[in-house]
Amino acid sequence: MAGSEADLVQSRLSRVRIILINTTHPGNIGATARAMKVMGLSSLHLVTPKIFPNAEATAMASGADDLLQSAVVHDSLDSALAGCSLVLGTSARLRSLSMPMLDARRAANQAIAESDSHEIALLFGRERYGLTNEEMQRCQFLVNIPSNPEYSSLNLAQAVQILSYELRIAAQGGVADIEVDPLDWEPVDGQQMERFFEHLQQTLLDIRFLNPRQPKKLMMRLRRLFNRARPDQNEINILRGILKASQEANVAEDRN
Ligand code: SAH
């Protein structure tokens with residue numbers, strides 16, 4: 001690979017953030033660092049790891065301990081998603097809630113196609129039970145590594161390895177039969193989406209459209225709708241403006 005081409009691959013990969021959520025075994029964090037570094041990824045974020053830093057993590061990183069040292073530890077997923085406008089959640093199971101799904105290869109190509117304009121987050125769940133529904137609802141897509149349907153759950157770091165490999169292949173120019181059109185608008189990041197959903201939920205409660213005893217299904221569906229649309233800053237401003245005006249009209253009506 002020529003020098004400038006290698007730089008391009010590296011700069012694409014540098015904008016993909018690997019986020020491990022609430023990891024139990026420090027060895028998996030170390031093995032993840034190694035899996036990433038081998039493929040040229042460098043941005044590791046840890047949300048409330050059970051044990052970190054730790055000697056077992058360093059041992060398993062086996063020379064990739066620079067990634068452990070630069071790993072960013074967060075106390076919430078929200079903070080880990082700052083600046084990420086595409087959020088992909090990996091899952092061993094195909095959930096009942098039908099969310100847009102991508103296989104690992106397609107997901108990697110989508111991520112790289114968008115990496116020129118914004119940061120990408122790839123979420124990995126807990127060893128025992130993966131991602132929670134709330135965490136999945138912060139994603140635009142769920143990503144599945146095709147596997148044996150009778151035994152579909154990979155070791156966490158091995159799942160990171162496969163996705164990192166696919167990301168590298170995509171960053172190097174991808175596979176001929178997978179083409180992804182890059183977006184021609186700039187979606188807002190995961191934190192802004194969350195503030196919008198909070199505002200939406202509060203407004204729906206205020207105007208008594210949402211039943212506080214059964215908020216889950218409706219909010220889940222609305223999240224899915226807006227996550228599919230991937231609004232940009234202008235659109236979010238309009239939507240928030242509508243919510244604010246509805247809340248004010250509602251207060252005025254209550255007063256009368
Ligand atoms: N029992 C859990 C699996 C946890 S495996 C569950 O059913 O969800 C730990 C993590 O590895 C998962 O949260 C996911 O991030 C990743 N992973 C494991 N197998 C995967 C697969 N086949 N496809 C995508 N991600 C996978």
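Mentor: Let us begin with burial: a residue is called buried when its relative accessible area is under 20%, exposed when it is over 50%, and partly exposed in between, using a 1.4 Å probe and protein chains only. By this rule Arg126 is buried, at 11% relative accessibility. Please note that this is a predicted model, in which local features need pLDDT of at least 70 and side-chain atom pairs count only at pLDDT 80 or more, while totals for chains, interfaces and linings use all residues. Residues are numbered from 1 along each chain as its sequence is written, and side-chain values use heavy atoms, with hydrogens and water left out.

Trainee: With which residue does Arg126 meet in a salt bridge?

Mentor: A salt bridge is a side-chain nitrogen of Lys or Arg within 4 Å of a carboxyl oxygen of Asp or Glu. The partner of Arg126 is Glu135, with 2.8 Å from N to O. Glu135 also counts as buried, because its relative accessibility is 11%.

Trainee: How many salt bridges does a search of the whole structure find?

Mentor: The search finds 13. One of them links Glu194 with Arg138, the closest N and O atoms being 3.3 Å apart. This pair connects distant parts of the chain, 56 residues apart: Glu194 is in helix H9 (residues 190-206), and Arg138 is in the loop between helix H7 (133-136) and strand S7 (141-144). Such names come from DSSP runs, numbered from the N terminus: helices are runs of H or I with at least four residues, and strands are runs of E with at least two. Glu194 is buried at 11% relative accessibility, and Arg138 is buried at 13%.

Trainee: Where do Lys244 and Glu248 lie, and how many residues apart are they?

Mentor: Both lie in helix H11, 4 residues apart, which is about one turn of the helix. Elsewhere, salt bridges that share partners join Asp78, Arg138, Glu194, Arg195, Glu198 and Arg223 into one network.

Trainee: Which domains does the domain assignment give?

Mentor: Domain bounds come from an automatic or database domain assignment. Here the assignment gives domain 1 (3-173) and domain 2 (190-255). Their C-alpha centres lie 30 Å apart.

Trainee: How should I read the interface of the two domains?

Mentor: One begins with contact, which means heavy atoms within 4.5 Å. In this model, 18 residues of domain 1 are in contact with 10 residues of domain 2. A further quantity is buried area: the accessible area (1.4 Å probe) that two parts lose on being put together, summed over both. The two domains bury about 1,200 Å² between them, 44% of it on carbon and sulfur atoms. Across this interface the rule finds 3 salt bridges. Helix H5 (77-80), strand S4 (84-90) and helix H6 (104-114) each supply at least two residues of the side of domain 1 that touches domain 2. The largest share of that side, 3 residues, comes from S4.

Trainee: Where is Arg230, and is it buried or exposed?

Mentor: Arg230 is placed in the loop between helix H10 (216-229) and helix H11 (233-255). Arg230 counts as buried because its relative accessibility is 6%. Leaving aside neighbours within four places in sequence, Arg230 is in contact with several residues, including Ser85, Leu86 and Trp185.

Trainee: What can backbone angles show in this model?

Mentor: Thr48 has a phi near 35°, a positive value in a residue other than glycine. Thr48 is in the loop between S2 and H3, and Thr48 is partly exposed, with a relative accessible area of 34%. Arg208 also has a positive phi, of about 60°, although it is not a glycine. Arg208 is found in the loop between H9 and H10 and is exposed, with a relative accessible area of 60%. As for omega, a cis peptide bond joins Phe52 and Pro53, with omega about -5°.
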